[in-house]
Amino acid sequence: MKQQPSIIYKRFLQKTESTATHQKRTIAEIQDEICIVDLTLSPKGSWHFMPEFNTILAIPLAGGIQVQEPEKMHTIPVGNFLELYPTPENHVAITNPFASETVNCILIHYNSAQGQSQLQTLELPFFQWQNNSLHLTLRQFSNREEFEFMPQKPNHPLWAICLAGAFEFENRLLEDRDGLQLISPHLCEMESLCEGSILGLIQL
């Protein structure tokens, strides 16, 4: 099979920031377009940042999180996600509300038309969502399950993120938190290598 042009983001090469309260791993980043972050928070830990984009999707994967804006607190349980429109030049804090367990989430930063921040339900094994700028697909697989995916926008880059397990995606191995950007994607073929593997597909 001929491989589609791509950029791979292996976990061990990703930019990482570690403190006593959090570990932030930047899975993929394109200036002024998108930043995909894997964030792990220690018990009662938090990460404070100044948004560089006007929209954030916060998706808890293990344990719920809280998102603090200057004038509002959002609580996001597992099985939900938050579409957040932070106020420019104001800090946002992502917090672990639990005293004895570590939590983990994925944050997708990008620009879109402004709207109302809202909590939404996320249901696996197959979930799709889009707004005016971003199309998101999350899918959970059984072992050795094969799947074909046709991107919504063939001339726009597609990011594939392994959120759990491992995959063979377009003849490339993607393991836990590895990412792959297809430059001009067309029909994508993939196979799960583990029971319960989860793949995220993101396109602007």
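I took buried as under 20% relative accessible area, exposed as over 50%, and partly exposed as in between, with a 1.4 Å probe and protein chains only. The model is predicted, so I kept local features at pLDDT of at least 70 and side-chain atom pairs at pLDDT 80 or more, while totals for chains, interfaces and linings use all residues. Residues are numbered from 1 along each chain as its sequence is written, and side-chain values use heavy atoms, without hydrogens and water.

**Salt bridges**

I looked for a side-chain nitrogen of Lys or Arg within 4 Å of a carboxyl oxygen of Asp or Glu, which defines a salt bridge. I found eight of them in the structure.

**Lysine 10**

I looked up glutamate 175 and found a salt bridge to lysine 10, with the closest N and O atoms 3.9 Å apart. Glutamate 175 sits in strand β18 (residues 172-175) and lysine 10 in the loop between β1 (6-9) and β2 (15-18), 165 residues apart. Strands here are DSSP runs of E, at least two residues, numbered from the N terminus. Glutamate 175 is partly exposed, at 40% relative accessibility.

I noted that aspartate 178 also forms a salt bridge with lysine 10, at 2.5 Å between the closest N and O atoms. Aspartate 178 lies in the loop between β18 and β19 (179-182), so its pairing with lysine 10 ties together parts 168 residues apart in sequence. I read aspartate 178 as buried, at 2%.

**Lysine 15**

I found lysine 15 and glutamate 29 joined by a salt bridge of 3.6 Å, N to O. Lysine 15 is in strand β2 and glutamate 29 in strand β3 (residues 22-30), 14 residues apart. Lysine 15 is exposed at 55%, whereas glutamate 29 is partly exposed at 40%.

Note on methods: Helices (H or I, at least four residues) and strands (E, at least two) are DSSP runs, numbered from the N terminus.
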